[in-house]
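Take a look at the structure below.

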Amino acid sequence: MNKKQTILGFRRWQFIFICAAMPVLLVSGMLTRQPWYELLLALFSVVTLMLLAAGKRAGAAFGVPFTVGHGLLFFSRGVYGLAVFNALIAAPVYLVSFIAWGRHKSGDGSTVTIKRLSKKQWALTLLASAVVFIGGFFVLRATGSAQPVLDTFTLAMFVPALFLIQQRYVENWILHITGNLVSAVIWLLATLQNPMSFNFLLITGIATAINITGLIGWLKLERDPSEVES
């Protein structure tokens, strides 16, 4: 099959999306508490998420510094659940995912194989989310998390989603989108208390949009591997 035309490895609409997001992030990053750190992290976030949404191995590689950087930033804002998740859970999983990427390649090696959860696997995933939520809530409340209920709920979505994306299950995007929407509430509340947190609200909105494109892209990839290249 003929390969789709790309710009710097991205499909045309993906490249346009990145270019449109950059000026917004540049302005917001310069107005935040840690302007250069948050600016670079925001720009890096968009590229990383777009690579993951496109099913590219580079997304897993970029995911390691991406999650470590976010872990440190979340810790500085008192969102301890997401801090621990990013730095101590997500970063190692992305590293393993990058190393093991070749095991998930499709028959022609051009992309990754996409899978779907069975009803039993869905039930186990929801059970895992419930366990993470119950255990995480008591830990985060004890450690003084700014928003223990919402913070724990995002963990309950992101932890199983992380392992699903590693194993190339398309349903990971559903959990990521749900977690993003709850994260948006966290940062909206934080922004109302301190306007310097608005940058996270913007990033979360962009991340939600990217995860939606990831869901659409992986559904296309499942039907036709030529739709997305790795």
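## Helices and their packing

Helix α5 covers residues 119-143, which is 25 residues. At 1.5 Å a residue it should span 36 Å, and its end C-alpha atoms are 36 Å apart, so the two agree. The expected span is 1.5 Å times one less than the number of residues. Helices here are DSSP runs (H or I, at least four residues), numbered from the N terminus.

This is a predicted model: local features need pLDDT of at least 70, side-chain atom pairs count only at pLDDT 80 or more, and totals for chains, interfaces and linings use all residues. Residues are numbered from 1 along each chain as its sequence is written, and side-chain values use heavy atoms, leaving out hydrogens and water.

A kink of about 25° is centred on G136. A bend is the angle between axes fitted to the seven residues ending at a residue and the seven starting there. G136 is also buried, as are T125, S129, F137 and L140. Buried means under 20% relative accessible area, with a 1.4 Å probe and protein chains only. What covers these buried residues includes α4, α6 and α7. Just after α5, G144 takes a positive phi of about 85°.

**Helix α4.** This helix has 20 residues and reaches 28 Å from its first C-alpha to its last, close to the 28 Å expected. α4 bends by about 40° at A90, and P92, a proline, follows within four residues. A90 is buried; other buried residues of α4 include F85, N86 and Y94.

**Two helix pairs.** Two packed helices are described by the angle between their axes and the distance between the axes. Axes are lines fitted to C-alpha atoms over the stretch in contact, and angles run from 0 to 180 degrees between N-to-C directions.

| Pair | Angle | Axis distance |
|---|---|---|
| α5 and α6 | about 140° | 8 Å |
| α7 and α8 | roughly 170° | within 9 Å |

The α5 and α6 angle makes that pair oblique. α7 and α8 are therefore roughly antiparallel. Angles over 145 degrees count as roughly antiparallel, under 35 as roughly parallel, 65 to 115 as roughly perpendicular, and the rest as oblique.

Which residues of α5 meet α6? Among them are T125, S129, G136, F137 and L140. Their partners in α6 include P148, F153 and L164. Contact means heavy atoms within 4.5 Å. Between α7 and α8, the α7 side includes W173, W187 and L188, and the α8 side includes F198, L215 and W218.

Methods:
Helices (H or I, at least four residues) and strands (E, at least two) are DSSP runs, numbered from the N terminus. Buried means under 20% relative accessible area, exposed over 50%, partly exposed in between (1.4 Å probe, protein chains only).
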